[in-house]
Amino acid sequence: MPRGTLEVILVSAKGLEDNNFLSSIDPYVILTYRTQEHKSTVQEDAGSNPQWNESFLFTISDSASELNLRIMDKRKFRKDDSLGEATIPLDAVLEEGTLLETAYNVVKDQEFCGEIKVALTFTPEVNAEGESYGGWRESSREF
């Protein structure tokens, strides 16, 4: 698996379930790649069609091949509610380098509950010789 940096641009979501009685939902996203986690800003009163346009960086250095997005509703006086999840396979972006804005299904309890749009860019790690295959570089100095 290639090593490098994955940039995730969280663009927007649409069709999220807005089940708040007196106000609109306040959605945010938790982005997870293995043990790395980022949290977007909360879009207060954004309702079921929030816009983020935020960028997040992840270090790719192992065989994990998915990015997980958990969409949450920020609550004031109780635990935040889950609005659903999207799992993004990374094989295509690792091969192509860039995936333009793409919509992914948001699922909760195995049911479709909206979509989330992201753009992805993978920048491979490059060694001194210009090859992008690994993390270690042979020393040119003799001991």
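User: Is threonine 32 buried or exposed?
Analyst: Threonine 32 is buried, because its relative accessible area is 18% (buried means under 20%, exposed over 50%, partly exposed in between, with a 1.4 Å probe and protein chains only). Keep in mind that this is a predicted model, where local features need pLDDT of at least 70 and side-chain atom pairs pLDDT 80 or more, while totals for chains, interfaces and linings use all residues. Residues are numbered from 1 along each chain as its sequence is written, and side-chain values use heavy atoms, without hydrogens or water.

User: Where does threonine 32 lie, and which residues is it in contact with, beyond four places in sequence?
Analyst: Threonine 32 belongs to strand E2 (strands, E, are DSSP runs of at least two residues and helices, H or I, of at least four, numbered from the N terminus). Beyond four places in sequence, threonine 32 is in contact with Glu37, Phe58, Glu66, Leu67 and Asn68 (contact means heavy atoms within 4.5 Å).

User: OK, on to histidine 38. Where is it found?
Analyst: Histidine 38 sits in strand E3. Its relative accessibility is 27%, so it counts as partly exposed.

User: What does the side chain of histidine 38 reach?
Analyst: The histidine 38 side chain comes to 2.8 Å from the backbone oxygen of leucine 57 (a polar contact is a pair of N or O atoms within 3.5 Å; within protein, one must be able to donate a hydrogen and the other to accept it, and residues adjacent in sequence count only if both atoms are side-chain atoms). Leaving out neighbours within four places in sequence, histidine 38 is in contact with Val29, Ile30, Leu31, Phe56, Leu57 and Phe58.

User: And serine 40, where's that?
Analyst: Serine 40 is in the loop between strand E3 (36-39) and strand E4 (51-60). Serine 40 is buried, because its relative accessible area is 4%.

User: Which groups does the side chain of serine 40 pair with?
Analyst: The serine 40 side chain reaches the backbone nitrogen of valine 29 at 2.8 Å. It also makes a polar contact of 3.4 Å with the side chain of tryptophan 52. Not counting residues up to four places away, serine 40 touches several residues, including Leu10, Tyr28 and Phe56.

User: Is aspartate 80 buried or exposed?
Analyst: Aspartate 80 counts as buried, because its relative accessible area is 17%. Aspartate 80 is in the loop between E5 and E6, and a polar atom of its side chain lies 2.9 Å from the backbone nitrogen of arginine 75.

User: Switching topic: which residues touch the most other members of the largest nonpolar core?
Analyst: Those are Leu6, Leu67, Leu69, Leu90, Ile116 and Leu120, in a core of 30 residues (a nonpolar core is a set of buried Ala, Val, Leu, Ile, Met, Phe, Trp, Tyr and Cys residues joined through side-chain atoms within 4.5 Å). Elements supplying at least two residues each include E1, E2 and helix H1, and E8 gives the most, with 5 residues.

User: What does leucine 69 touch?
Analyst: Beyond four places in sequence, leucine 69 touches residues including Val29, Ile30, Ile88, Ile116 and Val118.

User: Last one: how many helices and strands in the protein?
Analyst: The protein has 1 helix and 8 strands, in the order β-β-β-β-β-β-α-β-β from the N terminus. Of its 143 residues, 36% count as buried.
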